[in-house]
Amino acid sequence: MKLHDKGVYLVNGQLCDTAPVPPAEARKGTIAYGILQAHNTVPDMDDLRLKFDSMTSHDITYVGIIQTARASGMDKFPMPYVLTNCHNTLCAVGGTINEDDHQFALSAAHKYGGIYVPPNMAVIHSYNREMMSGCGRMILGSDSHTRYGALGTMAVGEGGGELAKQLVGRTYDMAYPGVVAIYLTGKPNPGVGPQDVALALVGATYANGYVKNKVMEFVGPGVAGLSADFRNGIDVMTTETTCWSSIWQTDEVTKEYFEIHGRPEAYKPLAPADVAYYDGCIELDLSTVECMIALPMHPSYAYPIRELKANAKDILHEIETRANQQLNGKVRMDLVGKVAADGSIRVDQGIVAGCSGGTFENVCAVAQILKGKNCGAGTFRISVYPDSMPTYLELVKNGAVADIVSAGGIFRECFCGPCFGAGDTPANGEFSIRHTTRNFPNREGSKPGEGQISAVALMDARSIAATAANGGVLTAASEVLDRPLETPPCRFDAGIYEKRVYNGWGKAEPDYALKFGPNIKDWPEQPALTDDLLLKIASYITDPVTTTDELIPSGETSSYRSNPLRLAEFTLSRKDPAYVGRAKAVKAMDEARKAGSLPAEVQAVYDALAKAGVQADGAAANIGSAVFAVKPGDGSAREQAASCQRVLGGAANFACEYATKRYRSNCINWGMLPFLVEDPDALAQDSYVFVPGVRRALLEAADAMTGYVVGADGSVTPVTLRLGALTDDERQILADGCLINYYKNH
């Protein structure tokens, strides 16, 4: 794999360093440019104002989005909006409240004209691939793995605030992104699957930020040799590179996909122009990709399985040491103990599931490898989750389900649980291999804060099946396959959806009553930004990266996503359990201020500022909590990673950089200033930061502003704060206090 250190041209399909067309003009030759131009509502292509063709959410995001849009004046869905039910599907935690959310969504589909996909029918991204994608389209989803580029559709995963903007007729605003060519050549070797290619790409790009917030555009002769499912499997994992979106050149394979799914009109050829310029390029010969494994606790910790097996103890010791540092001594992960006396690596569980693993081709491969085999009656077990009911039906018809079950596997429902910690949770200390999207801590359902830990590695379905056939001894599929697997023909029965999916697009029923359950609550009111702002650091996190899973845990907390205040009780619970109490104490001080009584602790801060020559009106300035993290926001698009801080009184975050655009957007939409600091050592746990003139500096687009850090000893230290690039609307949202306030005011 080669990562170019400068931009490249693609001239008639061939990579070149130069071309007679200047880069500014040749950039228009990319596939991405054409799609973005078609969806841009203004002539300026440097600052995009995008409207999407459709949107999608699942059952731990759509309630908050619809509630936000309702509070902002929405009266109907202005575009097709798909509401899937694939996360809180099991209704196993929280009593009736999961199914209450589902009924709320169905009533909203009636009232506002939406598309409701019932529980167990399909996982979010598979339904959108099958029914909503189309060449040249754009789809916005409130799930970070919203990626349909392999079907010619630019898709973007964002926090709920960005979807709410679309629902009230506003635009998605951003600067034109860089576009990086992923130039594919060669063909995968037998046993190598889409997850292997994806993990190789993630491993090569995540840490160095090569494609961060850019578009990955897949081109080159290697594309033609990949099936639609193979392409989809690579594409959905591009999220883990931290790219913004993805797009692929289309061909007869894409055309056949849409024909099989009864939507031939959704196809059109997409390819770069004769001359196209890319801001970067990754050359990847698919024949060089080996069977891969991403070790705990990140998809970028990728190794060839061959290399891991040859150096098992050394590599696993390195990985477990890093994991235990990340776990902060709460519990210890033991990976070296999985190495048997004969040097083999023992695995306890295998999972193939969801939008990345549960596709027709992947499950057929599992069935072929397991056919006639025995997974063993020991601790090892394997479960397979199909991605949609049409897929499930074909797997029943072609015998794949029978082959998997006959080998000792378990076949389950369409469910995303294993991807986010709500299904097939391993026992304490176990090692699970999964063809899912992420292996962050707690994504398998363990709770390190309570002494529970299991280890998850990501692998392709083929190698998971090979491991299962070997009784749980880690095995690469390339070790057992010497020729490519033949995938049975795939048919698609749209009648399954016609009989169960409610499609209300274009048929809004304004008088239809929304159905609320006891856990569905409105968003609490949030204050506008005052002229000055006093912040207290309620959590100071020095990890190199902080994921959204650590900011607000996945898994069992999902049941409370419709209840902002109750969910907020879980904020940072696995990273800094004392945070919620500290944040509430700061909020109580602001409530006392508004009641006319400045707390003694706060008065002491203002006395120290006055002594240092910094004048302020303490009675008029909001007091809010803040979190410092080196690089927060990797992972999920969930807006609750920001909104939970906000409803607890959070007013800002401090960071050296933000891991993803979507997390920073969530902070902005919830009225939390996304400060950047160059000297994090100037801040500390429980220190105060006073930012005078913050509202004016924000609205006047000041490049920088000065804050004053007040230490416990009364010392006052100036610190330079920046907000980075913001649109005028984003500045006003922050000034108004949150997106809901912005719509009320404007």
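Helix α24 gives the largest share of the lining of the largest pocket, 4 residues. Helices here are DSSP runs of H or I with at least four residues, strands are runs of E with at least two, and both are numbered from the N terminus. Before going on, please keep in mind that this is a predicted model, in which local features need pLDDT of at least 70, side-chain atom pairs count only at pLDDT 80 or more, and totals for chains, interfaces and linings use all residues. Residues are numbered from 1 along each chain as its sequence is written, and side-chain values use heavy atoms, with hydrogens and water left out.

Let us stay with that pocket. It holds about 580 Å³ of space and is lined by 25 residues, of which A175, N213, K661, R664 and A725 lie nearest its centre. Two or more lining residues come from each of β4 (47-50), β10 (172-175), α24 (661-669) and β29 (673-677). By class, 12 of the lining residues are nonpolar, 5 polar and 8 charged. Ala, Val, Leu, Ile, Met, Phe, Trp, Tyr, Cys and Pro count as nonpolar, Asp, Glu, Lys and Arg as charged, and the others, Gly among them, as polar.

Pockets and cavities are both found on a 1 Å grid over the protein atoms alone: a cavity is a set of points where a 1.4 Å probe fits but cannot get out, a pocket is an open set with protein on both sides within 12 Å along at least five of seven lines, and lining residues have an atom within 4 Å of a point. Points are joined across faces, edges and corners, and a volume is the space filled by probe spheres set on them.

Turning to the cavities, a search of the whole structure finds 9 of 30 Å³ or more. The largest cavity holds about 210 Å³, and among its 21 lining residues H58, H87, D143, H145 and R443 lie nearest the centre. Helices α5 (124-131) and α16 (417-420) are the elements that give two or more residues to this lining. The second largest cavity, of about 100 Å³, has a lining that includes Q326, N328, R574 and K575.

Finally, look at helices α13 (residues 360-370) and α17 (residues 461-469), whose axes come within 9 Å and cross at roughly 25°; axes are lines fitted to C-alpha atoms over the stretch in contact, with angles from 0 to 180 degrees between N-to-C directions. That angle makes α13 roughly parallel to α17, a term for angles under 35 degrees. Residues of α13 including A365, V366 and I369 meet residues of α17 including A461, A465 and A468, where contact means heavy atoms within 4.5 Å.

Definitions and conventions: Angles under 35 degrees count as roughly parallel, over 145 as roughly antiparallel, 65 to 115 as roughly perpendicular and the rest as oblique.
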